[in-house]
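Please keep the sequence and the structure in view while reading.

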Amino acid sequence: SYAIDNQATVNKLLPQLQDSNVLATIQSLSSYQNRFYTTSHGVNASNWIASQWKQLAGNRGDVTVEQISHAGWPQKSVILTIKGTDNAAETVVLGGHLDSTVGNGTGESSRAPGADDDASGVASLTEVARVLLAGNYQPRRTIKFMAYAAEEVGLRGSADIAKRFKQQQTKVVGALQLDMTNYQGDEQDIFLFTDYTNAAQNTFLANLAKAYLPDLTVGYSQCGYACSDHASWTAQGYAASFPFESSFDNSNPYIHTRNDTLANSDSQARHALKFSQLALAYAVELGSDGP
Ligand SMILES: N[C@H](Cc1ccc(I)cc1)C(=O)NO
Ligand SMILES: [Zn+2]
Ligand SMILES: [Zn+2]
């Protein structure tokens, strides 16, 4: 139904989102030599995210953090679950990918900071989880934060997870992908991608921006191919959306190189914070709907 009717909660939580926290997470993740899906660093980065999310979870009985093993490579995906109250069977997914690459030939010693692609997305999401949990927000639906492994080698971590959810017949009412949130290539702030996504949910996101983030401008663009993990959820028939940092034409030229650094994106993570804000509004408005 995509109703926008949780103004009290959203407007209480939005101001608690801090760009300094987003910045810190990007700095930590991009300090690993690389986060490629087959290296020791890539495994360590996954473990670091799991430990960070476990700290956020604290001792809340309705919050769990798990690492998902994938057949064929060592890097695990990470899932933080906030169990819903009276509509827990319906699930809202917010994801980003934790791996990084410098293209073919990436190996143990390769330098792949992946500050924008996609430490920025994981950092934007982590700040949303922090505020929801710190504010003791209790969703009616179940909310799952996901940091996917092995996106750069064919969306493999998210494909594995989305397939499992479909096989288990899990009711995912919506999935949001944050991949590259911290390089402002255009005047506009947020670009909703219209291919491999769900049109109705994209409209809902545009309406959320209008309602809660009136100073931000929203544009539209296309990738032309299955360019990030939202496509894994779409492939299983779920409604997915992909708010992105720029238009296709002005996207970050440094990605997949050793120069994908904070210095070559927003060094204060102000751009990435906009995506935390949109993602928080999405999580609360969708998460607060009853059966
Ligand atoms: N291809 C995607 C990134 C990507 C997505 C959209 C656009 I426009 C440009 C680049 C990738 O590398 N994800 O990790
Ligand atoms: Zn990439
Ligand atoms: Zn990416």
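Is Asp-179 buried or exposed? Asp-179 is buried, since its relative accessible area is 4%, and buried here means under 20%. The model is a predicted one, and the sections below describe what was computed from it.

## The zinc ion (ligand 3)

The zinc ion (ligand 3) is held by His-97 through NE2, by Asp-117 through OD and by Asp-179 through OD, with distances of 1.9 to 2.2 Å. Because the six donor atoms subtend angles of 32 to 158° around the zinc ion (ligand 3), the arrangement is irregular. Along the sequence, the donor residues of this ion follow the spacing H-x19-D-x61-D. His-97 belongs to strand 3 (residues 87–97), whereas Asp-179 sits in the loop between strand 5 and strand 6, so this pair ties together parts that are 82 residues apart in sequence.

Burial can be stated for His-97 as well: its relative accessible area is 0%, and it is therefore buried.

Asp-117 (OD), Glu-152 (OE) and His-256 (NE2) coordinate the zinc ion (ligand 2) at 1.9 to 2.4 Å, and the site is irregular, with angles of 56 to 156° among its six donor atoms. The donors are spaced D-x34-E-x103-H along the chain.

The zinc ion (ligand 2) lies 3.5 Å from the zinc ion (ligand 3), and Asp-117 coordinates both. Asp-117 is in helix 4 (residues 115–134) and His-256 in the loop between strand 9 (243–244) and helix 8 (270–287), so these two residues tie together parts that are 139 residues apart in sequence. Asp-117 is buried, with a relative accessible area of 3%, while His-256, at 32% relative accessibility, counts as partly exposed.

## Helix 6

Helix 6 (residues 199–212) has 14 residues, which at 1.5 Å a residue should span 20 Å, and this agrees with the 20 Å between its end C-alpha atoms. At the start of helix 6, the backbone nitrogen of Ala-200 has a side-chain oxygen of Asn-198 within 3.0 Å.

Technical notes
Residues numbered from 1 in each chain as written. Chains lettered and ligands numbered in written order. Predicted model: local features only at pLDDT ≥ 70, side-chain atom pairs only at ≥ 80, totals over all residues. Heavy atoms only, no water. Donors = N, O, S within 2.8 Å, 3.2 Å for Na, K, Ca; no water. Tetrahedral: all angles 85-135°; square planar, octahedral: opposite > 155°, others 65-115°. Helix = DSSP H or I, 4+ residues; strand = E, 2+ residues; numbered from the N terminus. Buried < 20%, exposed > 50% of the residue type's maximum accessible area, 1.4 Å probe, protein only. Expected span 1.5 Å × (residues − 1). Polar contact = N/O pair within 3.5 Å; in protein donor to acceptor, adjacent residues only side chain to side chain.
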